[in-house]
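Hi,

Here is the structure I said I would pass on.

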Amino acid sequence: LKCHRNEIQLLVAIVNYKTNLHRPRKGLCSNWLASLDARTGVTIPVWAKAGTLVLPKDHKTPLIMVGPGTGCAPFRAIIEERASLGVGGCFLFFGCRFSKKDFYFAGQWKSLQSKGALQLFTAFSRDDETRTVYVQHRLKEQADLVFRLLTDQSAFFLVAGNSKQMPDGVMTALKDILCTSGHKTMAEADVFVKELERTRRLHFDTWS
């Protein structure tokens, strides 16, 4: 609200594809929204509901945010507000299929990076036909950074997005990071994760 007064902004992926049997599938709400013409003065009823993500009281506490696809939407709001306060410490791991097709807010991320308000790590899973890359792979590539933020700076670890395979993949990557960069056993990594959950520094906000 500090950055977009009197506005509610939505990030909606239009569901429009064909099944393996070449039958068209369209999302009812997303395609209805896409069909609207803003010039006609259409009114859309919207209900605001509190999210489940918990943020640190100290704005200077680093945030490790994993938001593939539309999961980046809540993190965009968080990063914008921190930037308006002149605070950085935002580390966003964003993923999508193609860098040229569904890289949401690419221009804004670039601007925030240039201002020092954001460090962005991207995973475009379909750009390279020889290798599939997801956000969990980028997390593991930045294992030392992630571990240092969690242990030395008490960073929060926040995840938002699709609830199918991504959350499990991210959790596995986090435990691998604790084992490799933190030299912990898997049992010790499990204890560390449970402590993050107990102290409310680890949150998943996912949907199907």
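**What I found**

Leaving aside residues up to four places away in sequence, Thr61 touches Pro56, Arg82, Gln153, Ser154, Ala155 and Phe156. Thr61 itself sits in the loop between helix H1 (28-35) and S3, and with a relative accessible area of 13% it is buried. Do keep in mind that this is a predicted model.

H2 covers residues 73-84, which makes 12 residues, and it reaches 17 Å from its first C-alpha to its last, close to the 16 Å expected.

Now for the strands. S3 and S4 pair in the parallel sense, over four bridges, and Met65 has Leu92 in S4 as its bridge partner. Together with H2, these two strands make a right-handed β-α-β unit. On to S5: S4 and S5 also pair in the parallel sense, here over six bridges, with Gln119 in S5 as the bridge partner of Phe91. S4, H3 and S5 make a right-handed β-α-β unit too.

How many of the seven residues of S4 are buried? Seven of the seven are, so to speak, under cover. In a regular strand, side chains alternate between the two faces of the sheet. In S4 both faces are covered: Cys90, Leu92, Phe94 and Cys96 are buried on one side, and Phe91, Phe93 and Gly95 are buried on the other.

Phe93 belongs to S4 and Phe121 to S5 (residues 119-124), so the pair ties together parts 28 residues apart in sequence. Both partners are buried, Phe93 with a relative accessible area of 2% and Phe121 at 15%.

Another pair is Phe94 with Tyr104: the ring centres are 6.4 Å apart and the planes are at 70°, so this one is edge-to-face. Phe94 lies in S4 and Tyr104 in the loop between S4 and H3, so parts 10 residues apart in sequence are tied together. Phe94 is buried, with a relative accessible area of 0%, whereas Tyr104, at 21%, counts as partly exposed. Phe94 and Tyr104 form one aromatic cluster with Phe103 and Phe124.

Two lysines to finish. The charged end of Lys101 sits over the ring of Phe98, 4.7 Å from its centre. Lys164 lies in the loop between S6 and helix H6 (166-180) and, at 64% relative accessibility, counts as exposed. From C-alpha to C-alpha, Lys164 is 25 Å from Trp32 in space, and the two are 132 residues apart in sequence.

Cheers

Key: Residues numbered from 1 in each chain as written. Predicted model: local features only at pLDDT ≥ 70, side-chain atom pairs only at ≥ 80, totals over all residues. Heavy atoms only, no water. Expected span 1.5 Å × (residues − 1). Buried < 20%, exposed > 50% of the residue type's maximum accessible area, 1.4 Å probe, protein only. Phe/Tyr/Trp six-rings, centres within 6.5 Å; stacked < 30°, edge-to-face > 60°. Lys NZ or Arg CZ within 6 Å of the ring centre and 35° of its normal. Contact = heavy atoms within 4.5 Å. Pairing = 2+ DSSP bridges. Right-handed = clockwise from strand over helix to strand, strands pointing away.
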